[in-house]
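Me: I have a structure open on my screen and would like to talk it through with you. Can we go piece by piece?

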Amino acid sequence: PIARVGKKLLHMITPEKSESQLQTVQRRKEVLAARRNENLFSEILVPLNGRKDGWYVLEQAVEIARHEEAHLTGLHVVSSEHQSKSETMHDLKSKFEQRCKEADVPGELIVEVGSIAQKIYEHARWSDLVVLHLLHHPGSQTPPELREEFHKISRNCPCPILALAAKVTPFKHALLAYDGTQTS
């Protein structure tokens, strides 16, 4: 009886999903089911900061994508629509596309306007791995607001994250943190 009352209360306070939301959820399930029989990572998201110190993240993502035969989606987040159409963004896209072409890795760079953490969540739903710059590695002078963005991403990301501190490394060994829960 108590469980039944709890379900009724939950149903009353949980908003109904729209038809498009249900279709999105179904499509995601189908995509994930198809990937399980293939490589470990078939879609890799790599947020880029556009600065010189952030390109090694793309290099690491390219190495993983090449090994896994994965598609690479670059993501650069800006604060205004004007910035998204600038010459700097055109150069960033060109550099990204050129690197993917050189490595023979399919990829595209998306420029979005908004919150970095929010945009990463949105795109991570369709990814198997997020490769990003570790914003607060030991010895760095990262501003507190960027450290908080990293914490938001790491707490809420719907897929695994590979956070890199400063260099590209070949993968020879893996360490998996596993606590036995269903989410793990």
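Predicted model: local features only at pLDDT ≥ 70, side-chain atom pairs only at ≥ 80, totals over all residues.

Me: Okay, how many of the 14 residues of H3 are buried?
Reply: Ten of them are buried, so H3 (55-68) is largely enclosed by the rest of the structure. Among the buried residues of this helix are Trp55, Tyr56, Leu58 and Ile64, and also Gln60 and Glu68.

Me: And what do those buried residues pack against?
Reply: They pack against strands S1, S2, S4 and S5 (161-164), and against helix H5 as well.

Me: How far apart are the end C-alpha atoms of H3?
Reply: They are 20 Å apart, which agrees with the 20 Å that its 14 residues should span at 1.5 Å a residue. The helix is followed by glutamate 69, whose phi is positive, near 55°.

Me: Switching to the sheet, what is the strand order?
Reply: It is an open sheet of five strands in the order S3-S2-S1-S4-S5, with parallel pairing. S3 and S5 are the edge strands, each pairing on one side only, and neighbouring strands are turned by 20° against each other on average, direction ignored.

Me: Which residue in S4 stands opposite leucine 45?
Reply: That is valine 130; S1 and S4 pair in the parallel sense over two bridges.

Me: What does H6 lie across?
Reply: H6 lies across S1, S2, S3 and S4, and runs at about 155° to S2.

Me: Now the core: which residues of the largest one touch the most other members?
Reply: Of its 26 residues, those are Ile44, Val46, Leu48, Leu58, Leu72, Phe96 and Val131. S1, H3, S2, H5, S3 and S4 each supply at least two residues of this core, and the largest share, eight residues, comes from H3. Apart from this core lies another, of 14 residues, including Leu75, Ile120, Val130 and Ile153.

Me: What is leucine 48 in contact with, leaving aside its neighbours within four places in sequence?
Reply: Leucine 48 is in contact with Gly54, Trp55, Leu58, Leu75, His76, Phe96 and Leu109.

Me: Last one, is aspartate 128 buried or exposed?
Reply: Its relative accessible area is 11%, which is under the 20% cut-off, so aspartate 128 is buried. This residue is in the loop between H6 (116-124) and S4 (129-133), and a polar atom of its side chain lies 2.8 Å from the backbone nitrogen of serine 42.

Conventions
Residues numbered from 1 in each chain as written. Heavy atoms only, no water. Helix = DSSP H or I, 4+ residues; strand = E, 2+ residues; numbered from the N terminus. Buried < 20%, exposed > 50% of the residue type's maximum accessible area, 1.4 Å probe, protein only. Polar contact = N/O pair within 3.5 Å; in protein donor to acceptor, adjacent residues only side chain to side chain. Core = buried A, V, L, I, M, F, W, Y, C linked by side-chain atoms within 4.5 Å. Contact = heavy atoms within 4.5 Å. Expected span 1.5 Å × (residues − 1). Pairing = 2+ DSSP bridges. Axes fitted to C-alpha atoms, helices over the stretch in contact; angles between N-to-C directions.
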